[in-house]
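Me: I would like to learn how to read a structure such as this one, feature by feature. Please take the general idea and then the case at hand.

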Amino acid sequence: MSDATSINDVISLERVGEIALVRIDNPPVNASAQPVRQGLIDAVTAANADDAVKVIAIYAAGRTFVAGADIREFGKTPLEPSLPDTINTIEASEKPVISAPHGTALGGGLEICMGTHARVGVKGLRVGLPEINLGLLPGAGGTQRGPRLMGMKHTLDMSLGGTMVPGETAAEWGLIDKIEDGEPRDVALKAAQDVLDGTLETRRTSELPVEVDKAALEDARAMVAKKMSNLASAPMVIDAVERSTGDVKEGMKFERECFMDLLKNAPSTRGMIHAFFAERAVSKIPEAKATPREIKKIGVIGGGTMGSGIATSALNAGFEVRLIEVADEALERGTGTITKNLEGAVKRGKSTEAKMKDALDRLSPSTDMDSLSDVDLVIEAVFEDMSVKKDIFTNLDRICKKGAILASNTSYLDIDEIASVTSRREDVIGLHFFSPAHIMKLLEVVVADKTAPEVVATGFNLAKKMKKIAVRAGVCDGFIGNRILAYYGKTAGYLMEDGASPEQIDTALENFGFAMGPFKVGDLAGLDIGWANRKRMNATRPNEERYVRIHDKICEEGWYGRKTGKGFYIYDDEGIRPNPEALEIIDKERAAKGITPRDFTDQEIVDRYMTAMISEAARVVEEGIALRPIDVDAVFLFGYGFPRFRGGPLKYADEVGAKEVVRRIEEYAKDDSYYWKVPDILRRMAGKGETFEDLNKEG
Ligand code: 3H9
């Protein structure tokens, strides 16, 4: 062996003097798919058989070292050799094997490194055990070799936190031997030479001792019980790490059994893996190939909470921002909110004083709308009134330069109607941010009839720069998220009027996994927002629709939730507790309508709420408002606090099964056939035994 030889399509072997270089080249992220595993075994075996080779070094091509197991193989019949077997073969190599990871070494990728006899990271390396983010635990020896290299505490923190750690920190912990600057191949070669020269020590990780760290195990157990009780994998991480003090083979066997059990049986694992793909699937849009327009300067109209949040987000992404308000006072308030938002990030350690100053230098407030003549994109964020928006867009059409994108941040209104007042409908789009806009990850990109493909692509590009997740939505009242919310939100009202208390409903849904139940969310957002929207819809609300007046009655008292100290709950120095006066209003309303309150189990509350969410979500897919079911899931995961371990409402629907969802809707319809109707798509799916995942695959 003197030149590089291909072991297979993804692994090659090159001999340089006494060194065998094993190169992994499996784009885009060098996931340890079957050919990588087989190729690694074959390469290490071949190098061991070559008398001229004294040391073996593994490195990778492309932007990163191995980013983990190939997630696309999960759920399919396991292909031999397994990753643990591959790593055990590497570790058992008679000749020393070292690794030189660059970019990221994650999950199985880091476990490969742990199985080599020394690790020299390339400057810029980040390492992690992110399996927990997929509802898994490290499954290729990470829980056994990790404690031997960096101790139990760091292993637990890394595998329960799932975040990446800089290579330098990993080196301090003993996980990485050292960090070197250079190209991965050069670093691998140099490290191998160091082994030959006796300046880099090699040893088998499995043969190292482990120190029990009782405090770390106890702390981890307490944290998991408090914060991660919904993830089946979390306690398994701790159990596996605890076993690392025993026989390494037994520990590995236990870890493997847990890993396979999770993949096969745990809904939380399926949900987390689905959420991982949802985050990435949403960028696959028909306009993906269009060239985005160049954006440098952004105009934001409206300095309220929403406009200021959008402006903050744009400043953080490096844009120049012109903030427009009607009067000086409002403008000052807007600038003040932006400054506060930026200061908040500094306080939380997410930004620095210097970055904040730089951002504020790029902000230019103005009360003169004509000053928007040089911006590349305008985002209008004024209150929800069609005639006000039409006025603004008429002006923007006159003021803005050719090719500028005119966007509305409306949450509900018809983008086509807004676009109709301009002479450039192709430049008009909806960019629906979620409050607080500088923090929330979701951006609905609402595509109107005539919106040009490159304008859509620009929306997606903007989201990427703002570190947000963009989801393509069609035009309808409320687009994807708020339309579905408006529908299932009614169920919470019906449950309340029929006998469940707001507290019981909130608790049942929080136990299901939502961070906050709907009544607490309403109180937090301000009950007056929903009230204004209901008033807007009053004229068009069909007579047959059951209408719960309780929210309106509470608003009539001036109780808008947190901001007024009272809503469905009371907020004061004593904390949060149900508002007895709200409960009286509920009782009165029940009596006025002749409703005898009945008991609900928590399960029935969850079933009715989720069935409503699923049925409207199904209609949104059926009408093409969302491109695919997984887009709806992404909207709820990133904009509505939907529990990630459940994967999204339509992933949850698959877990329940279309047949059962249809059965529930038909049962509920016996009492309210106007509200509960089986969407055609669900009936079809139930008939054919189809899942939403099948529709995702069809694209
Ligand atoms: C594991 O390792 C288990 C083991 O302990 C035991 C096994 C027995 N597999 O994120 P990007 C795709 S569990 C397959 O946009 P970036 C991704 O879908 C695994 N595909 O890039 C996308 O495809 P597409 C533990 C994967 O530069 C493309 O690569 N590892 C995988 O922003 C680009 O991805 C993890 O959880 C994968 N493992 O970020 C790491 N990873 O273009 C997960 C990515 O078709 N990955 N893809 O949409 C990441 O965190 C990021 O991808 C990474 C790069 C930071 C590496």
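**Reading the strands, helix and loops**

Reply: Strands β1 and β2 form a hairpin with four residues between them. The model is a predicted one, in which local features need pLDDT of at least 70 and side-chain atom pairs count only at pLDDT 80 or more, while totals for chains, interfaces and linings use all residues. Residues are numbered from 1 along each chain as its sequence is written.

Me: What counts as a strand, and when do two of them pair?

Reply: Strands (E, at least two residues) and helices (H or I, at least four) are DSSP runs, numbered from the N terminus. Two strands pair if DSSP finds at least two bridges between them. Strands of a sheet pair through backbone hydrogen bonds, either parallel or antiparallel. Here β1 (residues 5-6) and β2 (residues 11-16) are antiparallel, with two bridges, and S6 has S12 in β2 as its bridge partner.

Me: Over how many bridges do β2 and β3 pair, and in which sense?

Reply: β2 pairs with β3 (residues 19-24) over six bridges, in the antiparallel sense. E14 stands opposite L21 in β3. This hairpin has two residues between its strands, and G17 takes a positive phi near 60° there.

Me: What is the strand order of the open sheet?

Reply: The order is β1-β2-β3-β4-β5-β7-β10, an open sheet of seven strands with mixed pairing. β1 and β10 (178-180) are the edge strands, each pairing on one side only. A parallel case is β5 (residues 97-99) with β7 (residues 118-122), joined by two bridges; S99 stands opposite R119 in β7.

Me: How is a helix length checked, and what does α10 give?

Reply: The expected span is 1.5 Å times one less than the number of residues. For the 15 residues of α10 (residues 267-281) that should be 21 Å, and the end C-alpha atoms are 20 Å apart, which agrees.

Me: Which residues of α10 are buried?

Reply: A residue is buried if 20 or more other C-beta atoms lie within 10 Å of its own, exposed if 12 or fewer, and partly exposed in between, with C-beta atoms placed from the backbone. In α10 the buried residues are S268, T269, R270, G271, M272, I273, H274, A275 and A278. Contact is another C-beta test: two residues are in contact if these atoms, placed from the backbone, lie within 7 Å. The cover over the buried residues of α10 includes α8 (233-242), α9 (248-265), α24 (629-639) and α25 (649-656).

Me: Where is V282, and what is it in contact with?

Reply: V282 is in the loop between α10 and β11 (297-301). V282 counts as buried because it has 25 C-beta neighbours inside 10 Å. Leaving aside neighbours within four places in sequence, its contacts are I469, A470, V471, D631 and A634. V282 and I469 are 187 residues apart along the chain, yet their C-alpha atoms are separated by 7.9 Å.

Me: What is the phi of N30, and is the residue buried or exposed?

Reply: Phi of N30 is near 55°, a positive value in a residue other than glycine. N30 is in the loop between β3 and α1, and counts as buried because 26 C-beta neighbours lie inside 10 Å. F479, not a glycine either, has a positive phi of about 55°. F479 is in the loop between β18 (469-474) and α17 (481-498), and it counts as buried because it has 26 C-beta neighbours inside 10 Å.

Me: Which residues are closest to the ligand?

Reply: A residue is near a molecule if its C-beta atom, placed from the backbone, lies within 6 Å of it. Here 26 residues surround the ligand, the closest being A67, G68, G107, G108 and G139. The elements that give two or more residues to this shell are β6 (104-106) and α3 (108-115).

Me: How do the shell residues divide by type?

Reply: Ala, Val, Leu, Ile, Met, Phe, Trp, Tyr, Cys and Pro count as nonpolar, Asp, Glu, Lys and Arg as charged, and the others, Gly among them, as polar. The shell has 13 nonpolar, eight polar and five charged residues.
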